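Welcome! Take a moment to turn the model around on your screen before reading on.

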Amino acid sequence: MSVSAASHLSPSYPDRAAWGTAPKLRAWQQEAFELYFQREPRDFLTVATPGAGKTTYALRIASELLSRGIVRALTIVTPTEHLKRQWADAAAKVGIGIDPEFKNSQGATSRDYTGVAITYAQIAMHPALHRARTEARKTLVVFDEIHHAGDAKSWGDAVREAFEPATRRLALTGTPFRSDDSPIPFVSYVEDGDGALRSVSDYSYGYGPALADGVVRPVIFLAYSGEMTWRTRAGDEISATLGTPLTKDQLSQAWRAALDPKGDWIRQVIQAADRRLSEVRHGVPDAGGLVIASDHESARAYARHIRTVTGQGAEVVLSDDPGASQKIKDFATSDRRWLVAVRMVSEGVDIPRLAVGVYATSTSTPLFFAQAVGRFVRTRKRGETASVFLPSVPVLMGLAAEMEAERDHVLGRRRDEDGLDDLLLEQAQQEKKQPDAVGDELPFQTLEASATFDRVLFDGGEFGTAAAPGSPEEEDFLGLPGLLEPHQVATLLRKRQADQQAAKRKTKAAPQAEPVLAPHEQVHELRKELNGLVGAWNHRTGQPHGVIHAELRRACGGPQIAQATAEQIRERIALIRKWATQRK
């Protein structure tokens, strides 16, 4: 069952196969496979970007260990019930019988099976049982998304107790590690020189190399800002522009208003995403879309919006639906346009035809974001692109810009080191049936929420300027071909950006009567112009938007942009334009 060297093959070889069943290994899988058997380790940690093919790789190692008689049994540990069945299906296709229905109450499984697929929660409920099973036969344990073993101290302790006697342990993860200090069992840590402990992987294959190899799709992020108005618990009406500097409370509430199914923001973004899906389907006929919602109520409402926009119903997947796993499986093999789910498909679920996503949740941990985006990067052939629509919120913009960053799990790090420790992983993964409550406030009431196309993020760059939904400027980006290589995406984005800027210069140069704007319209347009310039300066210098606005205020005087007069905003616009011509 050994695999020969594949140095002559592209790292993306072979093309997309059924989940976990590629007949030959991709070059990275081959390299990691050979490294594993060179070392013959008891513990081995493989970090590979979502969609790279961790399942194929793990099952090939399992087959080899079983054929050599090094192990006699296989235990696969997954985060969710759905993934148990997915692993069992993949294992069956390579001749390994796995029981995904095993329950703690059984104590043992049928002799027809080589092993079982169980969840981390299942282990925590009866670690002694699983220890006894592990001791009874020489066992390989495969940990799918190993970071979940640190979800709670009791889980970590249970995993360690249950599988300490294992003959071999293979740990897999495809996303950045946890942002808390819960140690992950069977993972090695070393001092990083700053008094913290950093996890050490035995083999790593990140999104950047995978993108260069054609193993994953390039991701185009389309950010939408907009005007939000809501009523506070005191009865006051508050307005704010998503995508501009806001206080933490203002941002939280503006974000919530944007995602409110009763407002126009989410409807307009879904409409734009569906237009993008239609364009992608010209090259990828069965391409599908996924809306990731925060709660059951919103998911159902988003599905109604999709029916209004497309005339077709969306598949809604909720965790308390006993048929959820089958719905996901059916959608994966159909040509239906849209799936709406509440978080449960944020990790591990394999639907390779997903090409367009709407990030309609306020969850913003780096781990959850990477898992969610990972649903769209799985490629079947070269040239496929993924498009993810999201609110123009600083933390999400930062995460989108850092798609290629590789993170380790760090213990003992200062909590504010990266500013992203806003929610614990447990909260991010919780299934919710109702919208979040905000303290003891009265029911949140969105009065108005409209969307504005903000910009496109790709490969660390920003393209486009604010535009109304349905405008030619927005269509320039929604109409990008669905089959492009990464370098072609970047080239086309730069060209469309240049064409838009040239058209604006031409319009300004042509003599024409200036439209007379009402005072509030003038201020609105000036704010948009200033925020666009601040975004460009942020891309050029790396300074946060808030720091740039603060420096402009110090130099020009006046209050925050929300209270500034038209003349004060003009002064700031003039100053930042001056910076652009003078600063290196």
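Here is a short tour, from the whole chain down to single residues.

## About the model

This is a predicted model, in which local features need pLDDT of at least 70 and side-chain atom pairs count only at pLDDT 80 or more, while totals for chains, interfaces and linings use all residues. Residues are numbered from 1 along each chain as its sequence is written, and side-chain values use heavy atoms, with hydrogens and water left out.

## The whole protein

Let us start with the overall picture. The protein has 19 helices and 19 strands; these are DSSP runs numbered from the N terminus, with helices being H or I of at least four residues and strands being E of at least two. Of its 584 residues, 52% count as buried. Buried means under 20% relative accessible area, exposed means over 50%, and partly exposed is in between (1.4 Å probe, protein chains only).

The protein exposes about 25,200 Å², and carbon and sulfur atoms supply 51% of that area (accessible areas come from the Shrake-Rupley method with a 1.4 Å probe; for residues, only the protein chains shown count as cover). Among contacts with a separation of 6 or more, 74% are between residues 24 or more positions apart. Contact here means heavy atoms within 4.5 Å.

In soluble globular proteins, nonpolar side chains tend to be buried together. A nonpolar core is a set of buried Ala, Val, Leu, Ile, Met, Phe, Trp, Tyr and Cys residues joined through side-chain atoms within 4.5 Å. The largest one has 123 residues, and Leu170, Phe221, Tyr224, Trp265, Phe389 and Leu396 touch the most other members. A second, separate core of 22 residues includes Phe102, Val141, Ile146 and Ile184.

## Strand 1 and its partners

Now look at strand 1, where five of the six residues are buried. Strand 1 runs parallel to strand 6 (residues 168–173), and five bridges join the two. One of the paired residues is Val47, whose bridge partner in strand 6 is Thr173.

Strand 1 also pairs in the parallel sense with strand 9 (residues 203–205), over three bridges. There, Thr46 has Tyr203 as its bridge partner. Two strands pair if DSSP finds at least two bridges between them.

## Helix 10 from end to end

Helix 10 covers residues 296–310 and spans 21 Å from its first C-alpha to its last, close to the 21 Å expected at 1.5 Å a residue. That expected span is 1.5 Å times one less than the number of residues. Asp295 caps the N-terminal end, with a side-chain oxygen 3.2 Å from the backbone nitrogen of Glu297. Just after the helix, Gly311 takes a positive phi of about 80°.

Which residues of helix 10 are buried? They are His296, Ser298, Ala299, Ala301, Tyr302, Ala303, His305 and Ile306. Their cover includes helix 8 (248–259), helix 9 (264–283) and strand 15 (354–360).

## Residues in loops

Most residues other than glycine have a negative phi, and most peptide bonds are trans. Glu40, although not a glycine, has a positive phi of about 50°. Glu40 sits in the loop between helix 1 (27–39) and strand 1 (43–48), and counts as partly exposed because its relative accessibility is 34%.

Glu145 is not a glycine either, yet has a positive phi of about 55°. Its loop lies between strand 5 (139–143) and helix 6 (153–163). Is Glu145 buried or exposed? Glu145 is buried, because its relative accessible area is 6%.

Methods
A polar contact is a pair of N or O atoms within 3.5 Å; within protein, one must be able to donate a hydrogen and the other to accept it, and residues adjacent in sequence count only if both atoms are side-chain atoms.
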